[in-house]
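Student: I would like to learn how to read a protein model feature by feature. Could we go through one together, with the general idea before each case?

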There are 2 protein chains.
Amino acid sequence: MSAQDMTPPASGTATPTAKSLTKAGIAHNLESNAEKPQLDASKLKISLTSAPRDPPAAGSEELKKMRTCTDHMITARWTLEDGWEAPELKAYGPLSIMPTASVLHYATECFEGLKLYHGEDGKLRLFRVRRNCERLRRSAARISLPDFPAEQLENLIKKLCATDGPKWLPNKGGFLYLRPTFIGTDPGLGVQVPKEALLYVIIAVFPDWSDPRNLPAASAVNPDLSEAVTKAQGLKLLASKEDSIRAWPGGFGYAKLGANYGPSLVGQGEARARGYDQILWLFGNNASVTEAGASNFFVVWKTKEGQQQLITAPLEDNLILEGVTRASVLQIAQERLSAENASKYNAESLEVVERKFTMQEILDAYQDGRLVEAFAAGTAFFVAPVGLIGWKQHELEIPMVEGKTGVYARLVRSWLSDIMYGKEQHEWGVTVDEA
Amino acid sequence: MSAQDMTPPASGTATPTAKSLTKAGIAHNLESNAEKPQLDASKLKISLTSAPRDPPAAGSEELKKMRTCTDHMITARWTLEDGWEAPELKAYGPLSIMPTASVLHYATECFEGLKLYHGEDGKLRLFRVRRNCERLRRSAARISLPDFPAEQLENLIKKLCATDGPKWLPNKGGFLYLRPTFIGTDPGLGVQVPKEALLYVIIAVFPDWSDPRNLPAASAVNPDLSEAVTKAQGLKLLASKEDSIRAWPGGFGYAKLGANYGPSLVGQGEARARGYDQILWLFGNNASVTEAGASNFFVVWKTKEGQQQLITAPLEDNLILEGVTRASVLQIAQERLSAENASKYNAESLEVVERKFTMQEILDAYQDGRLVEAFAAGTAFFVAPVGLIGWKQHELEIPMVEGKTGVYARLVRSWLSDIMYGKEQHEWGVTVDEA
């Protein structure tokens, strides 16, 4: 059927490729790379653009289309034969990719998403950037792309931020979106571990949605939408149906692979057509709750015994993405919302729980009046209060303070935001020195 | 976590994208496309290459690397705004793709694989090409790429074959490999249905593995390999472990998406390191057998009651690819190996069965001496006899006539080959008129 099999057909010769592969593809990547030149940020070749552009104006169509990147990008090429070439910082522009390239056929691709923040103190900051770099290594291993030292990618990211940040992120309180991307560029059409790859980092400019000029025009009212959907505030999540699964044990839901995203677009389209924003991905016969869109999902509820809990799905079965925001929400909630500390923030304490939980448990809590709030958390969405969950015939209208947010989403959001924008000095906020 | 959420965060406005999406993403594709210019092969713009190349010589390194394509390719661009542009036939060469393109991040990609045959009668033929075109439509719908008329793609494929076939496929009995590919080129970084896409068709030149000059050098003998693996002829399949699943109900295993291939490379690498050629993908607690590598998988066995059967996994749960070769094997076996007809071919008749079957059933048949043969079937592999299956501690040495093939694999292979190469005139063999 496919080209997987463009190795010689069974002919009685020894398997020709066995020699070049090790016990597991992942181990192979690490080993084969160890003998060759590594990714090395200190070798960066810099050639600044000769055609610098102006950042798009607030409210401009260019900005709303979210297609604009900054003046420069970083690229680093790898080949099985020669290892990592010296990375380059150069003008942002199109990539030249062979029509046979692995990434275009076999989705040998993974990426990261993180933001660059312009702090209230005037400094540029990344948030726990090393975690993104380490996660890209894990994603690369899962999709058979080569390994690299996380520190070197971090250094490249910082260099790009230092180069383009001051011009493209002039205002305090603003952010840019960074997209480290790793693709298999091997032009051989056989289904095989890529022998060539390209790691690149780009910085996209996104609208500041707190500026009304950047908001899209409201759509026409759709008479087919339910009353709950029409009036709900916050994020509206439509639970996935049994015939639509995002990830599964033995799969790759934990890795930030392109293969987790494209196939979800059909479901996302259906959610939006029904007036919802994202799919709430359920898994298994008992409808356990995994992720919201491509963000992690949190619920605050009181147990039947009256214990208040912040609950999210566990990492252990590899179904969900190990979000940097997720880890940060859990850790900061554990520290600051403990029985000891919560009163400092005028909040009721809660217990932080990572375990499988089901849609039925959420519905029970909702119907008993024990559901306190729900939110999604990720880099791009940040901490987004959930206002509505649609599941089967149910429409769960999630409580929100003044129709805007839950108390805990607000607290967590402000704590993390203070770190990102340097209002609170914290090790999670990593400053970028200007170039 | 991701950019899926680069729509404005929950802000109380109406969902901005609902208007542009319909009840299901798939339906959306069909509908939105209907009002815009369709893919139209009659509008093809032809600009022949000014730098024609020589086909690689037999035994050359260029040929063995399987990176060579013919002089030309066909491209057809689509945008949500303007529908399909006039397709182009032009010089084969690199594509210019924005670093933000959907295909590089979200695996919005699908493809087809089929061959062009140079018949014994001197004619160029495709095999059931319309089926590939229809399947690409289904794959496109699953990955949220736009629809097109299958007939128009078929016409474009034929035109490219007519242009490059005579020069690049001069010898009777040879073949070229066609790769229609469809990618999302939308340069907006949000996780969304692509608003721009590129359909292209390329023709790759692969070695004729029946020519010894094209065979790779035998690898060094690996002392870690088992005796059964070392001596087995034919295709060697290693059954997947429980923690490695290719596809699952509610997923997209039936569609020819990049997302089904890249994530399988780690398992494939492990199989090859153990001296096997491909993974035999199992599914579920009862280890039901689905596909072999990316080919469909067939077993011939006798039931305990003595009934001889050709068995393969069913399509109904959407786990496996609906192979063109698979369908052809089933149909031709049903016709020619029936109780009425089998004796014409000096063969024992068999019953053709599509149902779920398990590794344990294969093992039982093997241990009872009821296992007759096994083979994989797909475009690139064609019909490949299986000589060994590794599962848990078992090594099943599958019977083969003279160590080369089973009787039924040989028969089916020769029947289909006769159609492909025009020895038998049959509606499945579609001739290409020279340009």
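Student: Which residue in β20(B) is the bridge partner of B:F127?

Tutor: Strands are DSSP runs of E with at least two residues, helices are runs of H or I with at least four, and both are numbered from the N terminus; two strands pair if DSSP finds at least two bridges between them. Here the partner of B:F127 in β20(B) is B:G429, and β8(B) pairs with strand β20 (residues 429-432) of chain B in the antiparallel sense over four bridges. Before we go on, note that this is a predicted model, in which local features need pLDDT of at least 70 and side-chain atom pairs count only at pLDDT 80 or more, while totals for chains, interfaces and linings use all residues. Residues are numbered from 1 along each chain as its sequence is written, chains are lettered from A and ligands numbered from 1 in the order in which they are written, and side-chain values use heavy atoms, with hydrogens and water left out.

Student: How many bridges join β7 of chain B to β8(B)?

Tutor: Strand β7 (residues 114-118) of chain B is joined to β8(B) by three bridges, and the two run antiparallel. One contact point to look for is B:H118, whose bridge partner in β8(B) is B:L124. β7(B) and β8(B) form a hairpin with five residues between them, and in the turn B:G122 has a positive phi of about 85 degrees.

Student: Which way do the side chains of β8 in chain B point, and are they buried or exposed?

Tutor: In a regular strand the side chains alternate between the two faces of the sheet. In strand β8 (residues 124-127) of chain B, B:L124 and B:L126 point one way, whereas B:R125 and B:F127 point the other way, and all are buried. Buried means under 20% relative accessible area, exposed means over 50%, and partly exposed lies in between, with a 1.4 Å probe and protein chains only.

Student: Where else does a positive phi turn up, in a residue other than glycine?

Tutor: A:F382 has a phi near 60 degrees; this residue is in strand β18 (residues 382-391) of chain A and counts as buried at 11% relative accessibility. B:K392 has a phi near 50 degrees, but B:K392 lies in the loop between β18 (382-391) and β19 (394-397) of chain B and counts as exposed at 61% relative accessibility.

Student: What does the UniProt record place at A:K256?

Tutor: A record of this kind needs careful reading, since UniProt positions are given in the numbering used here, feature names are shortened, and annotations may be inferred rather than shown by experiment. The unreviewed UniProt entry places the feature "modified residue: N6-(pyridoxal phosphate)lysine" at A:K256. In the model A:K256 is in the loop between β11 (235-239) and α7 (265-273) of chain A, and A:K256 is buried, because its relative accessible area is 0%.

Student: Which residues have the most contacts inside the largest nonpolar core?

Tutor: A nonpolar core is a set of buried Ala, Val, Leu, Ile, Met, Phe, Trp, Tyr and Cys residues joined through side-chain atoms within 4.5 Å. The largest one has 128 residues, and those with the most contacts inside it are B:F297, B:M359 and B:I362. A contact means heavy atoms within 4.5 Å, and B:I362 touches several residues, including B:V289, B:W301 and B:L396, when residues up to four places away in sequence are not counted. A second, separate core of 52 residues includes A:M66, A:V103, A:L265 and A:A380.
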